[in-house]
Amino acid sequence: MASPVSTPGFVSVPLATPSADIRIELRRGDHFITLYWPVAAAAQCLSTLQDWLR
């Protein structure tokens, strides 16, 4: 009689390293801009966007 095959309850899968940047995509008509802002400066990114959107 063959013994049952054991499968692990958790399998570790390597994931891509997340980006250390905030990515913002802007589109207007045919124009497309992608901005990358460092996560370490997230507060400045927020302030800049708030000023820009007023």
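1. Among contacts in this protein (heavy atoms within 4.5 Å) between residues at least 6 apart in sequence, 6% join residues at least 24 apart. Buried residues make up 6% of the 54 residues; buried means under 20% relative accessible area, exposed over 50%, and partly exposed in between, with a 1.4 Å probe and protein chains only.

2. A word on what you are looking at. This is a predicted model, in which local features need pLDDT of at least 70 and side-chain atom pairs count only at pLDDT 80 or more, while totals for chains, interfaces and linings use all residues. Residues are numbered from 1 along each chain as its sequence is written, and side-chain values use heavy atoms, with hydrogens and water left out.

3. Now the confidence. The mean pLDDT (the predictor's confidence in each residue, from 0 to 100) is 87 for the protein, and 89% of its residues reach 70 or more.

4. The protein has two strands and one helix, and the pattern along the sequence is β-β-α. Helices (H or I, at least four residues) and strands (E, at least two) are DSSP runs, numbered from the N terminus.

5. How many bridges join strand 1 to strand 2? Eight bridges do, and the strands run antiparallel, with strand 2 covering residues 31–38; two strands pair if DSSP finds at least two bridges between them. The two strands form a hairpin with two residues between them, and Gly29 in the turn has a positive phi of about 60°. If you want a pair to look at, Ile24 stands opposite Leu35 in strand 2.

6. Val39 lies in the loop between strand 2 and helix 1 (42–52) and is partly exposed, at 43% relative accessible area. Leaving aside neighbours within four places in sequence, Val39 is in contact with Ala20, Asp21 and Ile22. Val39 and Ser19 are 20 residues apart in sequence, and their C-alpha atoms are 8.8 Å apart in space.

7. Where are the salt bridges? The structure holds two, each being a side-chain nitrogen of Lys or Arg within 4 Å of a carboxyl oxygen of Asp or Glu. One joins the side chains of Arg23 and Glu25 at 2.1 Å, N to O; Arg23 is exposed at 53% relative accessibility, and Glu25 is partly exposed at 36%. Asp51 forms a salt bridge with Arg54, with the closest N and O atoms 3.4 Å apart. Asp51 is partly exposed at 47%, while Arg54 is exposed at 75%.

8. Last, the surface. The protein exposes about 5400 Å², and carbon and sulfur atoms supply 61% of it; accessible areas come from the Shrake-Rupley method with a 1.4 Å probe, and for residues only the protein chains shown count as cover. Val11, Val13 and Leu15 form a nonpolar surface patch with about 350 Å² of accessible area together. Patches are made of residues with over 30% relative accessible area and no salt bridge, joining like charges within 9 Å and nonpolar side chains (Val, Leu, Ile, Met, Phe, Trp, Tyr) within 5 Å. Leu15 sits in the segment before strand 1 (21–28) and is exposed, with a relative accessible area of 76%.
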